[in-house]
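Me: I have a model open beside its sequence, and I'd like to walk through how some of its parts pack. Could you help me read it?

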Amino acid sequence: MAAARYVLLGLAPARVAWFRDVGQWANAGSIPAEFVKCVSTEEVRTRLSGGRVFSALLVDGSTPGLDRDLIDRAADAACAVIVVGGSRTGRDWGAVGAAAQLPAGFERKDLVDTLASCAVMIGRADRAPELGGAEGEPGWQSPLIAVTGPGGTGASSAAIALAQALAADIRNTGAVLLADLCLQTDQAVLHDVGDVVPGVQELVDGFRSGHLEGQEIRALTYSIAVRGYDLLLGIRRRSAWSTIRPRAFEAAVRAVRSSYRAVIADIEADLEGEDDGGSADVEERHLMARTVCADATAVVVVGAPGVQGLHALARTITEVLAYGVPSARVVPVVNRAPRSARTRAEMSAALVGLLPRWAGASMPSPIYLPERRVDESIRDGARMPEALCAPLLGAYRAVEARAGEDAVRPVAPQLVAPGSLGAWDPLAG
């Protein structure tokens, strides 16, 4: 078997001095390494997915496409990321998962010492090594409530009413965030904020190559003082979904949930992914809705009365359940419902009949929101009617109570380094 050596991937813009030097050192045998040059981030991703084991990725800090997603992709392949010249950009690449940083003018000894500290030598028959040291996560995450529904049912208005109710219930202005995570955004219009920047695109960009704290996150939102919550605007064009990178978005959601007492996400009703017969692009287009539903404390599904409205509501609930959301966390809502108790009972029975048998009996009964002058409240920037807010808040609190402590989930346990907790001496008394 050939002697173990480092197998390095390299990525840098054209005519970068260190890129040439590392190639010469590897070819001359001056360093125990094999150097594989790449011309784009796409080539790096392809090589990482090809089954070959790599020790480290050396990437110039000025490379377009260097972000949290690329670093996490390398980490998934047990490939340490070393950023060269990263200090020139003023970014802390270690905060987003880079194993080490080197100055642009590093020497051979600097490279070898850095590789020895964070990378693993590879023999011809070696399996993929395991790298430790995942990025630290916050220890507490606030409830995440998704609000969705077929178009035209008033789901966005219901999200506003629930955000207002939670803000009043918490009694702490600015402790609740309403985030517009739809592909076709409406919250900017419904709140008449007068601008479209900043929004979720700027929030996610902040996590592509760094990390934002509480005040930095709040600076990207709008304070809706009359209703007591903050508003995060959505993407500015439907086609801008491609700018929302998966790992950066996930990190942004975690940070937002650490900065607010509750987060309400207005999302699309479409959760289609690659496994559902779509393509990878389809799954990425629905990234925001799928990410939120996967970790939501509750999913409020808003529908309309009538034959077509109930059928669309049942179809949306079925898709949410098929995605993996437990039925006990799904809250069916019929907006602009008739007042008749008999009619409502008939609608409840019809909805149960439209849902598949595997939906289970643990799903809460539908709540019915009466017809109110919502358009006037939206137009005037006034508070939403209490007749809408109270039922939504009550339904969510019931789901939260049933979920118990799982409604506010701690993050996964973190590895503890041996010896870091000290020792107990039974003879010490």
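Me: Happy to start with a helix pair: at roughly what angle do the axes of H9 and helix H11 (residues 287-294) cross?

Reply: Keep in mind that this is a predicted model. The axes of H9 and H11 come within 11 Å. H9 and H11 are therefore oblique to each other, and their crossing is right-handed. The angle is roughly 45°.

Me: Which residues of H11 meet H9?

Reply: On the H9 side, the contact is made by Pro-246, Phe-249 and Glu-250. The residues of this contact divide into four nonpolar, one polar and one charged. Their partners in H11 are Leu-287, Met-288 and Thr-291.

Me: How are H3 and H9 oriented to each other: roughly parallel or roughly perpendicular?

Reply: The axes of helix H3 (residues 68-76) and helix H9 (residues 246-259) come within 7 Å and cross at roughly 100°. Angles of 65 to 115 degrees count as roughly perpendicular. H3 and H9 are therefore roughly perpendicular.

Me: How many charged residues are in the contact of H3 with H9?

Reply: From H3 come Arg-68, Asp-69, Asp-72 and Asp-76, which meet Pro-246, Arg-247, Ala-248 and Ala-251 in H9. Three of the contact residues are nonpolar and none is polar. The charged ones number five.

Me: Let's finish with Leu-9: is Leu-9 buried or exposed?

Reply: Leu-9 lies in strand E1 (residues 6-11). Leaving aside neighbours within four places in sequence, Leu-9 is in contact with residues including Phe-35, Val-36, Leu-48 and Leu-58. The cut-off for buried is under 20% relative accessible area. At 0% relative accessibility, Leu-9 therefore counts as buried.

Me: How far apart in space are Leu-9 and Phe-54?

Reply: In sequence, Leu-9 and Phe-54 are 45 residues apart. Phe-54 is also one of the contacts of Leu-9. From C-alpha to C-alpha, their distance is 7.1 Å.

Methods: Residues numbered from 1 in each chain as written. Predicted model: local features only at pLDDT ≥ 70, side-chain atom pairs only at ≥ 80, totals over all residues. Heavy atoms only, no water. Axes fitted to C-alpha atoms, helices over the stretch in contact; angles between N-to-C directions. Helix = DSSP H or I, 4+ residues; strand = E, 2+ residues; numbered from the N terminus. Parallel < 35°, antiparallel > 145°, perpendicular 65-115°, else oblique. Contact = heavy atoms within 4.5 Å. Nonpolar A, V, L, I, M, F, W, Y, C, P; charged D, E, K, R; others polar. Left-handed = near helix turned anticlockwise from the far one by under 90°. Buried < 20%, exposed > 50% of the residue type's maximum accessible area, 1.4 Å probe, protein only.
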